[in-house]
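Open the model in your viewer and keep the selection tool at hand. We will go from stop to stop.

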Amino acid sequence: MKAVRVPKKHAEEIRIYAEKIGAKDKSRLIVKKKEFVEIPILEEFVDFFKNYEIVEQKNPVYAKPKNVLQAFKKILPGDLLKFAPRRYKIIGDIILVKIQKEIETHKYEIGKVLLDLHPNCKSVWRDLGKEGMLRKPKVECIAGSGSETIHRENKCLFRLDVTKVMYSLGNQAERARMARIVRDKEIVVDMFAGIGYFSIPMAVHSNAEKIYSIEINPDAFHYLIENIKLNGVDNVVPILGDSLFAAPEKIADRVVMGHIRCHDFIKKAMLVLDGKGIIHYHESVPEPVIDRPIVRLRKNAELLNKNIKILEFRKIKNYSPGVYHVVVDAYVY
Ligand SMILES: C[S@@+](CC[C@H](N)C(=O)[O-])C[C@H]1O[C@@H](n2cnc3c(N)ncnc32)[C@H](O)[C@@H]1O
């Protein structure tokens, strides 16, 4: 549980910054310690506060859980309380919650509890995972109604339907990083654009010349178009199709491969680059073969008679026990 430790006089400025980039961990409270203040932040945002001291909070002060636990106590028998959901996601005005099968007969009561706790939300959906290459969500409505929402993050707006497309809050820091990394006048190709998870922040926060955003799923593509309009960006070129064929070649300074199972597309990504450039390659990888993404990048580069230099290797989040979602920034030349 990380927190940024700052002198009192800088606390407000850093709190505002942490909230703006989505780094603040809202489940914990800000704590004052003599002349210092600890602002709780999400683990994946640590790099954003390089100029400040990061501390590990051994006894964090929680904001809501007590509330939530009290409410669940009223609907769950004592022996089942241990299965009560500890975390849930709020996307726009919709709540998504994972419910273990031990308490699934109480799912509608759980939905009602969460909706009562968050009067600004309109519905609660049970999150049952995601399917296949399209990462289509499996969800079930357990309280309220309505599946379309607008989620705000890092000065970007994302319209989406939670029954049709996913939204990973765990990728928030990576979206913020991509928004900062693009240089002026770059041509970017986003090979797995979805609703614009990376394309929109890159377009809003950088001066990219053009961002080609390729998406195969017509539902996600529909929201990509909506989000281009909603954010008023004019340099995103949406392309409906399979990026293996639809991505333009010899054009990009930077290629984003934001899909956790896209190793079959690495060669194509290298061909999309204008001779040389940077690839941001994502993969879900088990700990024992943590180097696999780099090995795959190197193999593909060799096949094309190219070289690569690894610029960065980042763990984005834990995908499942012992499996990480990682991203490798590789300069290909
Ligand atoms: C859901 S996104 C991954 C999430 C994203 N990294 C984030 O920040 O949340 C992956 C997208 O790739 C799309 N996709 C899968 N295969 C594709 C392909 N061959 N060409 C283009 N898009 C594809 C899926 O439909 C999906 O919308």
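Select arginine 261. Leave aside its neighbours within four places in sequence, and arginine 261 is in contact with Gly132, Met133, Arg135 and Tyr319. Keep in mind that this is a predicted model. Now show the side chains of arginine 261 and tyrosine 319: a polar contact of 3.0 Å joins them. Color the loop between strand 14 (252-257) and helix 8 (266-272); arginine 261 lies there. Is arginine 261 buried, exposed or partly exposed? Its relative accessibility is 36%, so arginine 261 counts as partly exposed.

Next, go to histidine 282. Histidine 282 sits in strand 15 (residues 273-286). Histidine 282 counts as buried because its relative accessibility is 2%, and the cut-off for buried is under 20%. Which side chain does histidine 282 join in a polar contact of 2.9 Å? Select histidine 325: the contact runs between these two side chains. Beyond the neighbours within four places in sequence, the residues in contact with histidine 282 include Glu174, Phe198, Met257, Gly258 and Val327.

Stay with glycine 258 and bring up the ligand. A polar backbone atom of glycine 258 is 2.9 Å from a nitrogen atom of the ligand. The protein covers 96% of the 590 Å² of accessible area that the ligand has on its own. Now select asparagine 171. One of its polar side-chain atoms lies 3.2 Å from an oxygen atom of the ligand. How many residues surround the ligand? There are 22, and the closest are Asn171, Glu215, Asp242, Ser243 and Gly258. By class, this shell has 10 nonpolar, 8 polar and 4 charged residues.

Last stop: the nonpolar cores. In soluble globular proteins, nonpolar side chains tend to be buried together. The largest core here has 31 residues. Select Phe158, Leu160, Tyr167, Ile195, Met202 and Ile211, which have the most contacts inside it. Two or more residues of this core come from each of strand 6 (94-97), strand 10 (156-161), helix 5 (199-205) and helix 6 (218-230). Helix 6 gives the largest share, 5 residues. Zoom in on isoleucine 195. Apart from neighbours within four places in sequence, isoleucine 195 is in contact with residues including Phe158, Leu160, Tyr167, Ala220 and Leu224. Finally, find a second, separate core of 26 residues; Phe192, Tyr212, Ala247 and Ala301 are among them.

Technical notes. Residues numbered from 1 in each chain as written. Predicted model: local features only at pLDDT ≥ 70, side-chain atom pairs only at ≥ 80, totals over all residues. Heavy atoms only, no water. Near = heavy atom within 4 Å. Polar contact = N/O pair within 3.5 Å; in protein donor to acceptor, adjacent residues only side chain to side chain. Areas by Shrake-Rupley, 256 points an atom, 1.4 Å probe, with all protein chains shown as cover. Nonpolar A, V, L, I, M, F, W, Y, C, P; charged D, E, K, R; others polar. Core = buried A, V, L, I, M, F, W, Y, C linked by side-chain atoms within 4.5 Å. Buried < 20%, exposed > 50% of the residue type's maximum accessible area, 1.4 Å probe, protein only. Helix = DSSP H or I, 4+ residues; strand = E, 2+ residues; numbered from the N terminus. Contact = heavy atoms within 4.5 Å.
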